[in-house]
Amino acid sequence: MVFEAVMVVVGLVFLLTASYSDIRTREVPDWISYGLMFVGLGLRLMFSFVEGWELFASGLLGLGVGWLLAYMLYVADQWGGGDSKLLMGVGSLVGLWWGSYQFGWFLLGLIFLGAFWGLLWSIGVAITGWKGFTKSFKKLLKEYKWWHLGVWIFSGVIGVLSIWWVPLLTIVGFILGSFYLICFIVAIEKSGFTRKIAPEHLVEGDWLEKNVEIKNRIVMHKRALEKRDIRRLMVLKADDKLNYVLIKEGAPFVPGFLFSFVVVFLAKNWTMGIIEKIFWFLG
């Protein structure tokens, strides 16, 4: 299908550009997201004269569903504006229609591959900032020493019971793995993903780690910053009311869009084969 081939090429170009920008500057320019929306809908409109009006309608529906999901994540302070706009762009390009599950597979891939990518990035940050990370990790274990002790006691009891039923060892691994994974994530956030930034160096989508307070009065709650928020913070600095704010960077999430797109559209046969084997094994 010619349209799908063109769509894949366009998606790869835009998502590669967006991923590079996100990794380098932690920002996705609006022209990338809006460009993807217009190009996606434009391609669907042109090809709809040959393949039917449903092609264009599916792009509008994908844009609408992408906007709805992005809006909910944005107001819940889970995503910044750049990620939200990019999801709308992907929705308009991929489209959504009855019997077509590509956008659904993309979203599912985005959840799991985005989380896996974030974990890999976090490990890299922990390695490069090993001294600060280990200090933060040890401090965290000390603060939650009773939880730490409780997890080991409970795991030990389950481990003893596994003498009679070996599968219980998987529960031990899950409990210990989950506890240390949570500690790892919190430690890396405190040591590698949090830093002080002057207002003039902020960009749209930066996340406030804590509320901005002046004379014990909250002037801005922690959230993803918009352009108007940055202007307001710059005014406060100009009035000598603050010098910096605490920002949580996190891992650049846009590469997760790219990985999910590649898996769904370029490696879908290989991916579906693995999924079928997993279901066959579980069944």
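The buried residues of helix 3 are L55, A57, S58, G59, G62, G66 and A70. Buried here means under 20% relative accessible area, exposed means over 50%, and partly exposed is in between, using a 1.4 Å probe and protein chains only. Helices (H or I, at least four residues) and strands (E, at least two) are DSSP runs, numbered from the N terminus.

This is a predicted model, in which local features need pLDDT of at least 70 and side-chain atom pairs count only at pLDDT 80 or more, while totals for chains, interfaces and linings use all residues. Residues are numbered from 1 along each chain as its sequence is written, and side-chain values use heavy atoms, with hydrogens and water left out.

Helix 3 has 22 residues, which at 1.5 Å a residue should span 32 Å; the C-alpha atoms at its ends are 31 Å apart, which agrees. The expected span is 1.5 Å times one less than the number of residues.

What do the buried residues of helix 3 pack against? They pack against helix 1 (2–25), helix 2 (30–51), helix 4 (81–94) and helix 5 (102–128). Contact means heavy atoms within 4.5 Å.

Two packed helices are described by the angle between their axes and the distance between the axes. For helix 2 and helix 3 the angle is about 155° and the axes are 7 Å apart. That makes helix 2 roughly antiparallel to helix 3. Axes are lines fitted to C-alpha atoms, for helices over the stretch in contact, and angles run from 0 to 180 degrees between N-to-C directions. Angles under 35 degrees count as roughly parallel, over 145 as roughly antiparallel, 65 to 115 as roughly perpendicular and the rest as oblique.

On the helix 2 side, the contact is made by M37, L41, R44, L45, F47, S48 and E51. On the helix 3 side, E54, L55, F56, S58, G59, L60 and L63 take part. S48 of helix 2 counts as buried, at 11% relative accessibility. Not counting residues up to four places away in sequence, S48 touches W53, L55 and F56.

### Aromatic pairs

The structure holds 11 aromatic pairs. Rings of Phe, Tyr and Trp (its six-membered ring) pair if their centres lie within 6.5 Å; planes under 30 degrees apart count as stacked, over 60 as edge-to-face and the rest as tilted.

An α-helix has 3.6 residues a turn, so residues three or four places apart point the same way.

W67 is partly exposed, with a relative accessible area of 44%, and Y71 is partly exposed at 44%.

Elsewhere, ring pairs link F103, F106, F253 and F257 into a cluster.

### Strands and loops

An open sheet is formed by 3 strands in the order 1-5-2, with antiparallel pairing. Strand 1 (194–197) and strand 2 (207–208) are the edge strands, each pairing on one side only. Two strands pair if DSSP finds at least two bridges between them. Strand 1 and strand 5 pair over 4 bridges, and K196 stands opposite L246 in strand 5.

Strand 3 (residues 212–214) and strand 4 run antiparallel and are joined by 3 bridges. E213 has I218 in strand 4 as its bridge partner. The two strands form a hairpin with 2 residues between them, and K215 in the turn has a positive phi of about 55°.

D240 also has a positive phi, about 60°, although it is not a glycine. D240 lies in the loop between helix 9 (227–238) and strand 5 (245–248) and counts as exposed, at 68% relative accessibility.

L225 is in the loop between strand 4 (217–220) and helix 9, and is buried with a relative accessible area of 1%. Leaving aside neighbours within four places in sequence, L225 is in contact with L202, E204, G205, D206, L208, M220, I230, L233 and I247.
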